[in-house]
Amino acid sequence: MTVAPAVNAQVTEGADTRDGVIDAFDRTCRIGFPSFETVARSANAAGWIERKVSVPSGSTLPAGVILPRTFQRGDVTVLLVTPSPAFPGSKRSCQVTAVAKGKPDPQAYASAVAARFGLGAPLWQGKGPEAIATWRVANGTVNADIGRYHQTRSFSLRISD
């Protein structure tokens, strides 16, 4: 990914969630994408634990689903997503995510991402707390958003081709 180099920082449990996601993205997805092997080597070298993901018995997921390769460190997760024939619109991506504390502001989050990686103003998709900030970079698209599932919010930062 062609963005300005950032200062390396350890992602530890208890670190600020937003900054933890940004740091993890810097140390994994930013330096390795689109090579999943490079991302995996970076994650392993930094002490991330690879988790095996499986489909539970009786699942209603369609046949042919390709599950992501997953790494975890503290409260932060890195997902390497391979396009699946079961979902024709899916894209190859590297995503970092963690549960957010409180009610974070998407614009403040996007500003922190842009400042860290030397990106300009993002293009916004959607409005309000569900808005997604998007930047085009040399090897793909970077998206920053705060997802919501019921009352739980999570920071997400991903690059896809």
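Okay, housekeeping first. Numbering runs from 1 along each chain as its sequence is written, and side-chain values use heavy atoms, leaving out hydrogens and water. Since the model is predicted, local features need pLDDT of at least 70 and side-chain atom pairs count only at pLDDT 80 or more, while totals for chains, interfaces and linings use all residues.

Let's start with helix α4, residues 106-117.

Which residues of α4 are buried? They are P106, Y109, A110, A112, V113, A114 and F117. Buried means under 20% relative accessible area, with exposed over 50% and partly exposed in between, using a 1.4 Å probe and protein chains only.

Speaking of α1, residues 17-27: 9 of its 11 residues are buried, so the rest of the structure largely encloses α1. Among the buried ones are G20, I22, D23 and F25.

Now the core, meaning buried Ala, Val, Leu, Ile, Met, Phe, Trp, Tyr and Cys residues joined through side-chain atoms within 4.5 Å. The largest one has 36 residues, and Y109, V113, W135 and L157 touch the most other members. Which elements supply at least two residues each? That would be α1, α3 (36-45), β3 (76-81), β4 (93-99), α4, β6, β7 and β8 (152-160). The largest share, 6 residues, comes from α4. Take V113: setting aside neighbours within four places in sequence, V113 is in contact (heavy atoms within 4.5 Å) with I22, L119, W135, A144 and L157.

On to the rings. There are 3 aromatic pairs in the structure. Rings of Phe, Tyr and Trp, taking the six-membered ring of Trp, pair if their centres lie within 6.5 Å; planes under 30 degrees apart are stacked, over 60 edge-to-face, and the rest tilted. F25 and F117 are edge-to-face, 5.6 Å centre to centre with 65° between the planes. That pair links α1 to α4, with its two residues 92 apart in the chain. F25 is buried at 0% relative accessibility, and F117 at 1%.

F33 and F36 have ring centres 6.4 Å apart and planes at 50°, so that pair is tilted. F33 is buried at 3%, F36 at 10%. What lies over the face of F36? R92 does, at 3.7 Å from the ring centre; the cut-off is NZ of Lys or CZ of Arg within 6 Å of the centre and within 35 degrees of the ring normal.

Last, the strands. Two strands pair if DSSP finds at least two bridges between them. β5 (123-125) and β6 (132-137) are antiparallel over 3 bridges, with Q125 opposite I132. Their hairpin has 6 residues between the strands, and G126 in the turn has a positive phi of about 85°. β6 then pairs with β7 (140-149), antiparallel over 6 bridges. T134 stands opposite N143 there, and that hairpin has 2 residues between its strands.

Terms used:
Helix = DSSP H or I, 4+ residues; strand = E, 2+ residues; numbered from the N terminus.
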